[in-house]
Amino acid sequence: MESQIEITGFVALYIFMLAAFAGWVIIGHVPAILHTPLMSGSNFVHGIVVVGGLFALLNASSTTEQAIGFFAVLLGAGNAAGGYAVTERMLAMFQTSGQQTRHAKPHHAKKA
Amino acid sequence: MLTMLPQLIIGAADLAAAFLFLYGLQRMASPVTAPSGIFVAGLGMLVAILASFLYAFDVNEAARPYLLVNIALALVALAVGGGLAWWSGKKVAMTSMPQMVALYNGMGGGAAGAIAAVELFGGKANGATQLIVTLLGALIGAVSLSGSLIAWAKLDGILKQPLRIEGQQILNLAVMAATLAVGGYIVFVTLAGGVPVLAMPALIGLFFGLALVFGILMTLPIGGADMPVVISIYNAFTGLAVGLEGFVLQNPALMIAGMVVGAAGMLLTLLMAKAMNRSVGNVLFTNFGTVAKHKKSDMPGSLKPAEAGDAGIYMRYAKNVIIVPGYGLAVAQGQQKLYEFVKLLQSAGVAVKFAVHPVAGRMPGQMDVLLAEAGVPYDLIFQLEDINDDFASADVALVIGANDVVNPAARSDKASPLYGMPILNADKAKHVYVVKRGGGAGYAGVENALFYGDNCNMVYGDAQAVLVKMIEAVRGLGLSAAA
């Protein structure tokens, strides 16, 4: 990513500050009833680290770097895929009394 | 230039990903839009991952001979890591959600730490700022990895007891100081030159080792009921580590996503700590179990046991009932039976609401998910501040598997360790039934005056078994009630 615009010093701090503020405000609006899917959902979002892992792995030039880069992508992919799977499952369970015909029975049957 | 195009596409994809993450999280503000929110965020992830393969067009000179192998490795890692996690995430039971989230947290932290390790071992971080930020991200990521693994083991019941040793705090402090010292030394040697006492890779290894040990030591003494705070804090840590490594890699999407999650995790941590009447520092650095346990204080009144069936019938003829579910209900796997009972009551014309305390469960909001899984519509589920005034006009409060969160001592008894904690005012209801496995104090080791109140009856037994008896008793009243 060398030829991109350099993000250094204060520019980086501005990005961090604005992102932290956005996160705080957005998350503050989420009702307590959704806090578990919210947590697994934000958990999923930091799975974006897999992109950094891919960058490191593709630029690896020794066996050590390859091994650690592989590890990074493996864990990052797990973070992203797992976080998505559980969040989607949980959110599908929240229903209003208007649509009580579809209960969570299939989910219940699935878990051993 | 031919190399410009991949760069542009990657840049645009990352920008799109950052937007979709924020937009997706924003849609989580309501249960109606939340499912589309996670889908939108997932789309962002997919776009970013696909685009990142374009890095292959612009790898550094040294990595070029390895490129094909590296691409193959990347595909294998994505398939194996993503596949295994997807499969486990699809089949994990809702009660095991906290340990699963802890595990994914650890993975993210580990990935951030590993990226830092590649940068450090490869000597790619140059300049003081980059080096320090890399090390900081490595430290936080490694602590998050090992700490989350311990949290996972605790929540999964592999580690049963909080492990506390003499002088734990001093040991933790020493390990932390040693980690920082090694990190500082790495910076010093790299910038000022000179020959280090150990070879550089050994120093970096030592740094990671110490950070991992610190994560373990920090998490071991923390008890099971404090886990909501711990999970939230490691979520924030991993986000922070990802954001910092994003700076090192000069990737704004990682910086933004990481920092958003870091702030979100911090907010949830503070909310949880507040709901537990503790400060974050208090959870992390003191051992709750060592708080002087109150001796059995003399409670006015007595415990009055009641039959499950009688309690069920009493509620059948009540006008409105508020149910306070606690973690004990989940332990007994009684959610399905509870909702079955509630449906019986509803068909008999009883108005039923659920009152959920923020710390009911092992992670923020877990009880809400467990109720939703059992089929309870979310418009029947109310949070503490929304329902607390309704108890005074409720005919019955049914407390199942909850204790400390309904202890009136939190309102009145300044000497109680619970004093000041926000509680559900179940004691204000006209009548209270408490379903409980047996006598005894709650997690905080405090007697509960609610149980001794004139308006309270105890229904002893396993929550699920008690609910089955209640259902049978109400059904026995006749078909009109059992519609």
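The model is predicted: local features need pLDDT of at least 70, side-chain atom pairs count only at pLDDT 80 or more, and totals for chains, interfaces and linings use all residues. Residues are numbered from 1 along each chain as its sequence is written, and side-chain values use heavy atoms, without hydrogens and water.

**Interface**
- In chain B, 112 residues are in contact with 89 residues of chain A (heavy atoms within 4.5 Å).
- About 9,200 Å² is buried between chain B and chain A, and carbon and sulfur atoms give 75% of that area; buried area is the accessible area (1.4 Å probe) that two parts lose on being put together, summed over both.

**Salt bridge**
- The rule finds 1 salt bridge across the interface of chain B and chain A (a side-chain nitrogen of Lys or Arg within 4 Å of a carboxyl oxygen of Asp or Glu).
- A:Glu88 and B:Lys90 form a salt bridge, with their closest N and O atoms 2.8 Å apart.
- Over all chains, a search of the whole structure finds 8 salt bridges.
- A:Glu88 lies in helix 4 (residues 63–93) of chain A and B:Lys90 in helix 3 of chain B, so this pair joins two chains; helices are DSSP runs (H or I, at least four residues), numbered from the N terminus.

**Surface patch**
- A:Phe10, A:Leu13, A:Tyr14, A:Met17 and A:Leu18 make a nonpolar surface patch of about 600 Å²; patch residues have over 30% relative accessible area and no salt bridge, and nonpolar side chains are joined within 5 Å.
- A:Leu13 is in helix 1 (residues 9–28) of chain A.

Terms used. Chains lettered and ligands numbered in written order. Patch = residues over 30% accessible without salt bridge, like charges linked within 9 Å, V, L, I, M, F, W, Y side chains within 5 Å. Areas by Shrake-Rupley, 256 points an atom, 1.4 Å probe, with all protein chains shown as cover.
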